[in-house]
Structure formats: structure tokens, C-alpha cells
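This report describes one protein model for a reader who has not seen it before.

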Amino acid sequence: MRRTGTTRRGAFTATGAIAMGAVLAGCGDGNGPREGSARADAATTAEQAAARAEKTLRTGAAGTSRELLARYEQVVRAYPATAAGLSPLRDAVRAHAKALAPDGGKPLVFSRTRATDAAGALKELAAAERRTADAHTATLLNAPPELARLLASIAAAGAAHAYLLTELAKETSS
């Protein structure tokens, strides 16, 4: 008498057939449209748009830092006695510009400082640091997380530089 019901052999055969069907259903010749492909294309497009937006933000922020660096250079050239006090701050601004745009960028040239003395030039430089810090703070609101952290750090350093420049201007005028 033959046994009725499910046998081990029958269960393995059925499981193998189901698995083979699933594998074969996943394989195709690649000519037809696939739902996953459309999603992958949309994700790639979104990533490219995000990368372009980040590059635009970085370029703008780097330009702002390079402008500030040019102002430091002007003050040092116009008032060589300030070079010792400005050198560490100028080096930090140079590092900020490089962190924002590792490939560098066009050097910026500005007209001479409007100040008639070193203290006035340092006050102008402190105001430029504040404006730059404010610009970086405004930019970080639209930046992706990693760039936002970098901009926040640079803005904080700029605020500290503005304070130090204001104090240096007070010492220079006395």
C-alpha cells in the first residue's frame, strides 16, 4: 500500500521548484523596462543634483573666504607692523578657504584699504570677519550635514577672529 500525504522527497522537490522559479523570474535579458531601474535613475539624478548644489555652496563660501584672505593681505602690505599679529589669523583664513575648495580658486584682488591708520584697518578687517562669519552661517542653513558642520566651525572661528582683531585694534591705537 502506498502512503498518502506529504513525503520528504515531495517537499524537497516542491521547494526546489519554487526556488528555481524565483531565480528564473529574477533573471531577464535586460531589454525590458524594470521598476528598480527607474528608481535607481531617479536616485542617481537626485544625487547629482545634490552634488551640484553642494559644489555651488562650497564655491560661494570659498570665494567669501578668499575675499577675506585678500583683505588680510592688503592690511599686512599697507601696515607691515601688523604682520606679526595678523599672521596666525591670516593662516587660519587661508586654511578655511582651502578646506572649502581644495582645488583653490582664483586669487582675488581688492583696492587699498580705506583706513588711514593701522587701528582703522584692523577695525575694517574685524568687520569683514563678522560679515564673512555671517555669510557662512547663512550658507550652512542650506548645506548638507558635513558641509554645514565645516561652515559652522569656520563661522565660529571668524567670530573669534573678529573679537581678536577688535582687541588688537584697541592695543594698536594706544
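## A residue in helix α2

The model described here is predicted. S65 is part of helix α2, which covers residues 35–78. Is S65 buried or exposed? Its relative accessibility is 2%, and residues under 20% count as buried, so S65 is classed as buried.

Which residues does S65 touch, once its neighbours within four places in sequence are left aside? The contacts of S65 are then V93, H96, A97, L100 and H136.

## The nonpolar cores

Nonpolar side chains in soluble globular proteins tend to be buried together. In this model, the largest nonpolar core consists of 18 residues. Y72, V75, L86, L125 and L165 have the most contacts inside this core. At least two residues of the core come from each of α2, α3 (83–100), α4 (118–140) and α5 (145–173). Which helix gives the largest share of this core? That helix is α4, with six residues.

Another core, of nine residues, lies apart from the largest one. Its members include A61, L100, A143 and L147. L100 is also among the contacts of S65.

## How α4 and α5 pack

The axes of α4 and α5 are 8 Å apart, and the two helices pack at an angle of about 165°. Angles over 145 degrees count as roughly antiparallel, so α4 is roughly antiparallel to α5. What is the handedness of the crossing of α4 and α5? The crossing is left-handed.

The contact of α4 with α5 can also be described by residue type. Its residues comprise 17 nonpolar, eight polar and three charged.

## The protein as a whole

How many helices and strands does the protein have? There are five helices and zero strands. Read from the N terminus on, the order of elements is α-α-α-α-α.

The protein has 174 residues, and buried residues make up 28% of them. S65, at 2% relative accessibility, belongs to the buried residues. Among the contacts between residues at least 6 apart in sequence, 79% join residues at least 24 apart.

How values were computed: Residues are numbered from 1 along each chain as its sequence is written. This is a predicted model: local features need pLDDT of at least 70, side-chain atom pairs count only at pLDDT 80 or more; totals for chains, interfaces and linings use all residues. Side-chain values use heavy atoms; hydrogens and water are left out. Helices (H or I, at least four residues) and strands (E, at least two) are DSSP runs, numbered from the N terminus. Buried means under 20% relative accessible area, exposed over 50%, partly exposed in between (1.4 Å probe, protein chains only). Contact means heavy atoms within 4.5 Å. A nonpolar core is a set of buried Ala, Val, Leu, Ile, Met, Phe, Trp, Tyr and Cys residues joined through side-chain atoms within 4.5 Å. Axes are lines fitted to C-alpha atoms, for helices over the stretch in contact, and angles run from 0 to 180 degrees between N-to-C directions. Angles under 35 degrees count as roughly parallel, over 145 as roughly antiparallel, 65 to 115 as roughly perpendicular and the rest as oblique. A crossing is left-handed if the near helix is turned anticlockwise from the far one by less than a right angle, and right-handed if clockwise. Ala, Val, Leu, Ile, Met, Phe, Trp, Tyr, Cys and Pro count as nonpolar, Asp, Glu, Lys and Arg as charged, and the others, Gly among them, as polar.
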